[in-house]
Amino acid sequence: MSKRIDVKNLDIYYGAFHAVKNVSMTIEPRSVTAFIGPSGCGKSTVLRTLNRMHEVIPGAYTTGEVLMDDKNLYAKDTDPVDVRRQVGMVFQRPNPFPTMSIRENVLAGVTLNSKRLSKSAADELAEQSLRGANLWTEVKDRLDRPGSGLSGGQQQRLCIARAIAVQPEVILMDEPCSALDPISTLAIEDLINELKSDYTVVIVTHNMQQAARVSDRTGFFNLEATGMPGELVEMDDTQKIFSNPSKPATEDYISGRFG
Amino acid sequence: MSLDTAPTPPQERKQRKLSEIEGVELEVVRASSNRLSLLALGGAAVLLVLLVVLGLNPALALVAAFVVYLGVVFVAYRNTAGPRVARDHVFRGLVGAAFVLAVVPLLSLLWTVVSQGGPTLVDPAFLNQTMNGVTGLQDQATQRDGAPLIGGAYHAVIGTLVITGIAALISVPIGVFTAIFLVEYQPKGRVSQVIRFLVDVMTGIPSIVAGLFAFALWAVLFGIGTKNGFAGAVALSVLMISTVVRNSEEMLRIVPNELREASLALGVPKWRTIAKVVLPTAASGLASGVTLAIARVIGETAPLLVAVGYARGLNVDPSQGPMNTLAVYAYYMFTKPLSPGFREPSLDRAWAAALMLVLIVVVLNLSARVIAKAFAPKTGR
Ligand SMILES: Nc1ncnc2c1ncn2[C@@H]1O[C@H](COP(=O)(O)OP(=O)(O)OP(=O)(O)O)[C@@H](O)[C@H]1O
Ligand SMILES: [Mg+2]
């Protein structure tokens, strides 16, 4: 599991609006890559192109290439559904399915695809995924209760469990901690650290310390002015970005001296 | 976004207190209780009684007492608690009056139907017999000699259930699928705009037009003058589909987009996302929308009269000849009593049929609630 992603000359549009311009980067396998940058610069947009969730929005499209282990995700014969099975996603706001129990939520990726699933296999998969998301001990006695009855942090970990239950190669997380308290945030950061031994993880965050704590590489996005497309200013090892960035804009942003 | 790091210049004007700014006048609010408004209400009631005793038309007296109440409450509260509280009390009065105005006719209608139709509805003859072979002579005997009622609405109840059931079977799939297309597949497309427009137009179609449409369609398909249950079901569907589309569209639209995205991001294909995430999440709303649509057409009279005709006996085969339905049955009993000289039994039957219709609608609504409960997203810990 876990694959390398090469993005080449990616341009992203919402209808007529050019949202992100000419991004090229490499995301290494078994590592955590963080995207940072001011609001509206296109971090979420770039993230969503990595599993073809961008095109779900009416009118949205992209040009350029995203290669996952040399296979172009945007090739004509690539099925977006197939891409999404390999590249999982965790959203900013926890979004468990309200009609399902905790257990059903975890297994949703499998059952919604109506793969056959025996009771014992389901039990094993649910436990393994919940343990993987550090949630098992908290919910093991109430697996049949609705997922929406959990706290926000637990719900977010439930969503992570749901994402890893389908065993993707890559996991994308869009500000997974922005709705959470510091303790839940720490729990999720620990989790991200564990996940990177099995998965390629990409995370968007506004929290610079978080990026420094969890990521191996960091990409800084910026935009010249509102209405202009965002772009990738630089991408490097996290240590380097936070200690000795090569672009002044990055330096300004991480040291908090910013517009 | 500029990157210059110079500190922003200090604000030119210092923040002033709201009370220091000219042209701002804050309203005074002092503590108050409801006692004054209760007193005023009591006073208004006394006034009402007085006016009626003095010979004023009761409706006029009621309006006058209400206006006086509003005036008294306004003045009393403005002087004790301030104008904002006074306005609040006046609006409470208006809103309360609107509520009463809305509820009174409803209760009075229910009471009329129950009291007029109740005794006949519980008569075993009414729900067990048809009108087959019943003539004015039996009614004469019933009214004049107190003989037991003969002839009921069994066939009409069955007819109503059959025809509305078929209409629901036709319109629910069409309506829900159209709504799915509108919300999930083409939220902004040209085709959707056209469909929405047509659905809006269809909502306004007078029911008799739907009946004539079904009648004409059947004339073309099966020969002029063909009347049967299916024709009625088609007429009702024409009326129902637009309601089902509208209601379902609303319900699908309020399913949070995040759920769709969550499902898609798990690698679930779109159609499966719709079938297994969107529809179950919206199920309770869809169910109540459908029941409301059924409730709306179940009492239709004119289109059924045109398309289905009128049968005196039981006919359970919707492909074969006229059937009877409750609304048409009630209409006939009112307008064409079996025995013009002895109308009572026919009128009783009409009221009972009306009550039966109301009961069916109530049951439908209740079952919609039960279904909605069963499907509703689970919450709580
Ligand atoms: N659905 C959409 N339709 C049109 N434009 C959009 C849409 N979503 C985002 N945009 C625009 O694309 C640009 C990038 O947005 P994006 O959400 O990627 O920013 P972001 O970096 O994630 O910001 P934040 O840190 O606030 O989440 C913004 O200008 C935004 O207005
Ligand atoms: Mg974002």
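Me: Which residues in α10(B) are buried?
Reply: In α10(B), the buried residues are B:L259, B:R260, B:E261, B:A262, B:S263, B:L264 and B:A265, where buried means under 20% relative accessible area, exposed means over 50%, and partly exposed lies in between, with a 1.4 Å probe and protein chains only. Keep in mind that this is a predicted model, in which local features need pLDDT of at least 70, side-chain atom pairs count only at pLDDT 80 or more, and totals for chains, interfaces and linings use all residues, while side-chain values use heavy atoms, without hydrogens and water. Residues are numbered from 1 along each chain as its sequence is written, and chains are lettered from A and ligands numbered from 1 in the order in which they are written.

Me: How many residues does α10 of chain B have in total, and where does it run?
Reply: Helix α10 of chain B runs over residues 257–265, and seven of its nine residues are buried; helices here are DSSP runs of H or I with at least four residues, strands are runs of E with at least two, and both are numbered from the N terminus. Just after α10(B) comes B:G267, which takes a positive phi of about 80°.

Me: Staying in chain B, where is B:M323, and is it buried or exposed?
Reply: B:M323 sits in the loop between α12 (302–307) and α13 (326–335) of chain B, and it counts as buried because its relative accessibility is 1%. The C-alpha atoms of B:M323 and B:H155 are separated by 7.8 Å, although these residues are 168 residues apart along the chain.

Me: And B:I224, buried or exposed?
Reply: B:I224 counts as exposed because its relative accessibility is 81%, and its place is in the loop between α8 (207–222) and α9 (229–253) of chain B.

Me: What does UniProt list as "transmembrane region" in chain B?
Reply: The unreviewed UniProt entry lists several spans, including residues 60–77 and 153–185, with positions given in the numbering used here, feature names shortened, and annotations that may be inferred rather than shown by experiment. In the model, residues 60–77 are 100% helix and 0% strand, with end C-alpha atoms 26 Å apart, whereas residues 153–185 are 97% helix and 0% strand, with ends 46 Å apart. The annotation "domain: ABC transmembrane type-1", also from an unreviewed entry, covers residues 157–368 of chain B, and that span is 77% helix and 0% strand.

Me: How covered is strand β9 of chain A?
Reply: Strand β9 (residues 217–223) is mostly covered, since seven of its seven residues are buried. A:R217, A:G219, A:F221 and A:L223 point one way, while A:T218, A:F220 and A:N222 point the other way.

Me: Which strands pair with it?
Reply: β3 (residues 32–36) pairs with β9(A) in the parallel sense over four bridges, and β10 (residues 230–237) pairs with it in the antiparallel sense over seven bridges; pairing requires that DSSP finds at least two bridges between the strands.

Me: Which residues come nearest to ligand 1?
Reply: Of the 13 residues around ligand 1, those that come nearest are A:S39, A:K43, A:S44, A:T45 and A:H206, where a residue counts as near if one of its heavy atoms lies within 4 Å. The helix α1(A) gives the most to this shell, with three residues.

Me: How far from ligand 1 are the polar side-chain atoms of A:S39 and A:K43?
Reply: A polar side-chain atom of A:S39 lies 2.4 Å from an oxygen atom of the ligand, and one of A:K43 lies 2.7 Å from an oxygen atom of the ligand; a polar contact is a pair of N or O atoms within 3.5 Å.

Definitions and conventions: A polar contact is a pair of N or O atoms within 3.5 Å; within protein, one must be able to donate a hydrogen and the other to accept it, and residues adjacent in sequence count only if both atoms are side-chain atoms.
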